[in-house]
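I opened my notebook to look at one protein chain, and I wanted to write down what I looked up, entry by entry. The sequence and the structure come just below.

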Amino acid sequence: MADIEPKPEFLYEEHPDHPGWHRWGLRNSDRYNTFLGDMVVRVEDGVCRVRMLPERRHSNLGNNVHGGAMLGFIDVALFAAARSFGLITAGTAVTLDLNTHFMGAGTIGEPLEARVELLRETGRLLFMRGLVVQGESPVAEFSGTIRKPTKR
């Protein structure tokens, strides 16, 4: 992992309650990412594992994880992975595309984990893919492209 200068508005630090994991998120609570709740990340064998705990506020009327909350989690997981791989800092990178296939319902109150891998990095783009699981049960698979920030 490359040594990347941290951004003051973002939280990326060792998690005191989860050895070997980092906290990932915003320090300011009035942005979208904070809706997803606390997230932890770690890299193992080239795969970034990003976890969140879905709550009632993430549910649909069937009391499962709402598809929009799942898509938001996947999108944020791409950026958490890119940061954890040492490829970007938080800030002005953007999602160019995100393709998702839902394979099952996410359960409220059980950790969701996105397992993200980098397929290819170019000068401006990151091509990534992954799988969202609860336990070992697949919930969704995805692929996405991030455009890295423009150097000023």
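Predicted model: local features only at pLDDT ≥ 70, side-chain atom pairs only at ≥ 80, totals over all residues.

**Entries on turns, strands, helix and core**

Next I looked up the overall layout of the chain, and I found 1 helix and 8 strands. Going along the sequence, I read the pattern as β-β-β-β-α-β-β-β-β. I then checked how much of the chain is buried, and buried residues make up 40% of its 152 residues. For the accessible surface I noted about 8,400 Å², with 49% of it belonging to carbon and sulfur atoms. I also looked at contacts between residues at least 6 apart in sequence, and 55% of these join residues at least 24 apart.

I turned to the strands and asked how β3 and β4 pair, and over how many bridges. Strand β3, residues 39-44, and strand β4, residues 47-52, pair in the antiparallel sense over 6 bridges, and methionine 39 has methionine 52 in β4 as its bridge partner. The two strands form a hairpin with 2 residues between them. Aspartate 45 lies in this turn and has a positive phi of about 55°, although it is not a glycine.

I then followed β8 and its two partners. Strand β5, residues 94-102, runs antiparallel to β8 and is joined to it by 8 bridges, with histidine 101 standing opposite glutamate 141 in β8. β7 also pairs with β8 in the antiparallel sense, over 10 bridges, and here leucine 126 stands opposite isoleucine 146. β7 and β8 form a hairpin with 2 residues between them, and in its turn glycine 135 has a positive phi of about 65°.

For the helix, I noted that α1 covers residues 67-84 and reaches 25 Å from its first C-alpha to its last, which is close to the 26 Å expected. I found that 14 of its 18 residues are buried, so α1 is largely enclosed by the rest of the structure. Just after α1, glycine 86 takes a positive phi of about 80°.

My last entry was on the largest nonpolar core, and I asked which of its residues touch the most other members. Of its 32 residues, these are Val50, Phe73, Met128 and Val132. The elements that give two or more residues to this core are β3, β4, α1, β6, β7 and β8, and the largest share, 11 residues, comes from α1. I then took valine 132 and left aside its neighbours within four places in sequence, and I found contacts with residues including Met70, Phe73, Ile74, Leu112, Ala114, Val139 and Phe142.

Key: Residues numbered from 1 in each chain as written. Heavy atoms only, no water. Pairing = 2+ DSSP bridges. Helix = DSSP H or I, 4+ residues; strand = E, 2+ residues; numbered from the N terminus. Expected span 1.5 Å × (residues − 1). Buried < 20%, exposed > 50% of the residue type's maximum accessible area, 1.4 Å probe, protein only. Core = buried A, V, L, I, M, F, W, Y, C linked by side-chain atoms within 4.5 Å. Contact = heavy atoms within 4.5 Å. Areas by Shrake-Rupley, 256 points an atom, 1.4 Å probe, with all protein chains shown as cover.
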